[in-house]
Amino acid sequence: MGALDGVAARVAGGATVEFRPSGSSMVPLIRSRQPVIVAPVDPALLTVGDIVLARVAGTVYLHLVSALDPARRRVQISNNRGRVNGWTSHDRVFGICVCVDGTARPGAASRTSKAATDQVRPNEGESRR
């Protein structure tokens, strides 16, 4: 079980979660240990460049959507350094990053699932737990 599996389970259950991911694969968008807020997402609304919490080939990543395949209901996930992790289905995309270190991600709140809309408050830098 990886470091993000527990976060993914909470987000998949409908929670908006604040946590501090570690690693350098998303620099400069997300630096190691910067606080992020991830909310449940409607994968059909995703766009290239969104940062999502998704499972690809058994591992959960907080990475970029690098391509979309709406006909097959899947997205391609990549880090911010050019490495493609692979394609994953919509049901393995758990959440969207709506805030990084207190700064809202442009347009992300509009792609959260309907159930999460009331919880997402990216301008406050906090989440309901």
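**Close-up views of a predicted model**

**View 1. The largest nonpolar core.** Of the 18 residues in this core, Phe19, Val36, Val38, Leu53 and Leu62 touch the most other members. At least two core residues come from each of these elements: helix 1 (5–12), strand 1 (17–19), strand 2 (36–40), strand 3 (51–56), strand 4 (59–69) and strand 7 (93–100). Apart from this core lies another one, of 15 residues, including Val52, Val56, Ile96 and Val98. The model shown in this and the following views is predicted.

**View 2. The whole chain, for orientation.** The protein has one helix and eight strands. Along the sequence, they follow the pattern α-β-β-β-β-β-β-β-β. The protein has 129 residues, of which 47% count as buried. Among contacts between residues at least 6 apart in sequence, 51% join residues at least 24 apart.

**View 3. The surroundings of Phe19.** Which residues does Phe19 touch, not counting residues up to four places away in sequence? They are Leu4, Val7, Gln34, Pro35, Val36, Val38 and Leu62.

**View 4. Helix 1 and its buried side.** The buried residues of helix 1 include Asp5, Val7, Ala8 and Val11. Why do they lie on the same side of helix 1? They cover an arc of only 160 degrees around the axis, and this puts them on the same side. In general, an α-helix has 3.6 residues a turn, so residues three or four places apart point the same way. The buried residues of helix 1 pack against strand 1, strand 2, strand 3, strand 4 and strand 7. Just after helix 1 comes Gly14, with a positive phi of about 105 degrees.

**View 5. Strand 3 and its two partners.** Is strand 3 largely enclosed or open? Five of its six residues are buried, so strand 3 is largely enclosed by the rest of the structure. Strand 3 and strand 4 run antiparallel and are joined by six bridges. Val52 and Ile96 are both among the members of the 15-residue core.

**View 6. His63 in strand 4.** His63 lies in strand 4. Is His63 buried or exposed? Its relative accessibility is 6%, so His63 counts as buried. Not counting residues up to four places away in sequence, His63 touches Ser25, Met26, Asp50, Ile51, Val52, Ile77, Ser78, Asn79 and Asn85. His63 and Gly49 are 14 residues apart along the chain, and their C-alpha atoms are separated by 9.2 Å.

**View 7. A charge over a ring.** How far is the charged end of Arg74 from the centre of the ring of Trp87? The charged end sits over this ring, 4.2 Å from its centre. As for pairs between aromatic rings, the structure holds zero.

View 8. Pro28 is in the loop between strand 1 and strand 2. A cis peptide bond joins Val27 to Pro28, with omega at about 5 degrees. Arg73 is found in the loop between strand 4 and strand 5 (74–78). Phi of Arg73 is near 50 degrees, a positive value in a residue other than glycine. Asp101 belongs to the loop between strand 7 and strand 8 (103–104). Although Asp101 is not a glycine, it has a positive phi of about 50 degrees. With a relative accessible area of 43%, Asp101 is partly exposed.

**View 9. Ser113 after strand 8.** Ser113 is in the segment after strand 8. Its relative accessibility is 17%, so Ser113 counts as buried, with the cut-off for buried at under 20%. Which residues does Ser113 touch, not counting residues up to four places away in sequence? Ser113 touches Pro40, Val41 and Asp42.

How values were computed. Residues numbered from 1 in each chain as written. Predicted model: local features only at pLDDT ≥ 70, side-chain atom pairs only at ≥ 80, totals over all residues. Heavy atoms only, no water. Phe/Tyr/Trp six-rings, centres within 6.5 Å; stacked < 30°, edge-to-face > 60°. Lys NZ or Arg CZ within 6 Å of the ring centre and 35° of its normal. Core = buried A, V, L, I, M, F, W, Y, C linked by side-chain atoms within 4.5 Å. Buried < 20%, exposed > 50% of the residue type's maximum accessible area, 1.4 Å probe, protein only. Helix = DSSP H or I, 4+ residues; strand = E, 2+ residues; numbered from the N terminus. Contact = heavy atoms within 4.5 Å. Pairing = 2+ DSSP bridges. Arc of directions from axis to C-beta.
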